[in-house]
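User: Hi! I'd like to go through this model with you, one spot at a time. Shall we start?

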Amino acid sequence: MTAMLRIVNRVLLGLVGLVLVVGGGSVLAVGLGVKPPSWWIHDGRHDVLLSDADRTRWRDSGWWWPTVIAVLAVVVLLALWWISANLRRHRLAEVLVDTGDGEGALLRGRALEGVLASDAGAPDGVAHAHVHLTGTRTAPQARVQLLLEPHVDPATALHHLTDEALSHARNSAGLEKLPAEVRLSAVKHRAERVS
């Protein structure tokens, strides 16, 4: 879905950009005095794009308003789909594991996320670990968020994550590399009373 979304984004932005450049350029050129061709939508510097007759031509037809409303509804639904698809974070569904015999096995992305999260959250002082896999099934990438207790040294937690948890996940899945983006945050706690 990510590749499909990238293609839709590029095509949609390219078409919108092309329409805006051609339309805006033509209006600017005519406004600066360039004589437009006879078939063009406006004739001169003081001409309007839509005359009163053009704007009201179909208003009394029975099919006009249902068509306008249907087209606008489709445009709104497509825009909502596009926005939600862009805002949604895509989770890697499966990872391709090289079995060494020329075949491959598929490992569920959520299973690898769960094992990596439990391994990253194992050391004392790591309150919670959350892992999200992205990328492709042959080249996954990890986004790791560690929630640390106040007494933990962040370098120690990061060292355990990179040298043990990510290394185990990379070796068990047979991956050459497993790049990771790590975010560290501290647990919020109440102030202690001193008596």
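User: Great, so where does leucine 20 sit?

Analyst: Leucine 20 is in helix H1. Keep in mind as we go that this is a predicted model.

User: And is leucine 20 buried or exposed?

Analyst: Leucine 20 is exposed, because its relative accessible area is 59% and the cut-off for exposed is over 50%.

User: How far is leucine 20 from leucine 106?

Analyst: Their C-alpha atoms are separated by 46 Å. Along the chain, leucine 20 and leucine 106 are 86 residues apart.

User: Staying with H1, what about asparagine 9? Buried or exposed?

Analyst: Asparagine 9 belongs to helix H1, which covers residues 2-31. Asparagine 9 counts as buried because its relative accessibility is 16%, and buried means under 20%.

User: Which residues does asparagine 9 touch, leaving aside its neighbours within four places in sequence?

Analyst: With those neighbours left out, asparagine 9 is in contact with Trp82 and Asn86. With tryptophan 82 there is also a polar contact between the two side chains, at 2.3 Å.

User: What about valine 11, how accessible is that one?

Analyst: Valine 11 is another residue of helix H1. Valine 11 comes out at 47% relative accessibility, so it counts as partly exposed.

User: Which residues make the nonpolar surface patch?

Analyst: Ile7, Val11 and Leu15 make a nonpolar surface patch of about 290 Å².

User: Nice. Switching to strands: how do S1 and S2 pair?

Analyst: S1 (residues 94-98) and S2 (residues 104-108) run antiparallel, with five bridges between them.

User: Which residue in S4 is the bridge partner of alanine 129?

Analyst: That would be leucine 146.

User: OK, on to H5. Is histidine 160 buried or exposed?

Analyst: Histidine 160, in helix H5 (residues 154-172), counts as buried because its relative accessibility is 13%.

User: What does the side chain of histidine 160 reach?

Analyst: The side chain of histidine 160 reaches the backbone oxygen of aspartate 119, at 3.1 Å. Setting aside neighbours within four places in sequence, the contacts of histidine 160 are Asp119, Ala120, Pro123 and Ala165.

User: What about threonine 162, where is that?

Analyst: Threonine 162 is in helix H5 as well. With a relative accessible area of 36%, threonine 162 is partly exposed. The side chain of threonine 162 reaches the backbone oxygen of histidine 159 at 3.3 Å.

User: And how far is threonine 162 from alanine 70?

Analyst: The C-alpha atoms of threonine 162 and alanine 70 are separated by 54 Å, and the two residues are 92 apart along the chain.

User: Last topic, then: how many salt bridges are counted?

Analyst: The count comes to one salt bridge. Glutamate 181 forms a salt bridge with arginine 183, and their closest N and O atoms are 3.0 Å apart.

User: Why would side chains like that pair up?

Analyst: Side chains of opposite charge can pair when their charged atoms come close.

User: How accessible are the two partners, glutamate 181 and arginine 183?

Analyst: Glutamate 181 counts as partly exposed because its relative accessibility is 37%. Arginine 183 is exposed, with a relative accessible area of 52%.

Technical notes
Residues are numbered from 1 along each chain as its sequence is written. This is a predicted model: local features need pLDDT of at least 70, side-chain atom pairs count only at pLDDT 80 or more; totals for chains, interfaces and linings use all residues. Side-chain values use heavy atoms; hydrogens and water are left out. Helices (H or I, at least four residues) and strands (E, at least two) are DSSP runs, numbered from the N terminus. Buried means under 20% relative accessible area, exposed over 50%, partly exposed in between (1.4 Å probe, protein chains only). A polar contact is a pair of N or O atoms within 3.5 Å; within protein, one must be able to donate a hydrogen and the other to accept it, and residues adjacent in sequence count only if both atoms are side-chain atoms. Contact means heavy atoms within 4.5 Å. Patches are made of residues with over 30% relative accessible area and no salt bridge: like charges are joined within 9 Å, nonpolar side chains (Val, Leu, Ile, Met, Phe, Trp, Tyr) within 5 Å. Accessible areas come from the Shrake-Rupley method with a 1.4 Å probe; for residues, only the protein chains shown count as cover. A salt bridge is a side-chain nitrogen of Lys or Arg within 4 Å of a carboxyl oxygen of Asp or Glu. Two strands pair if DSSP finds at least two bridges between them.
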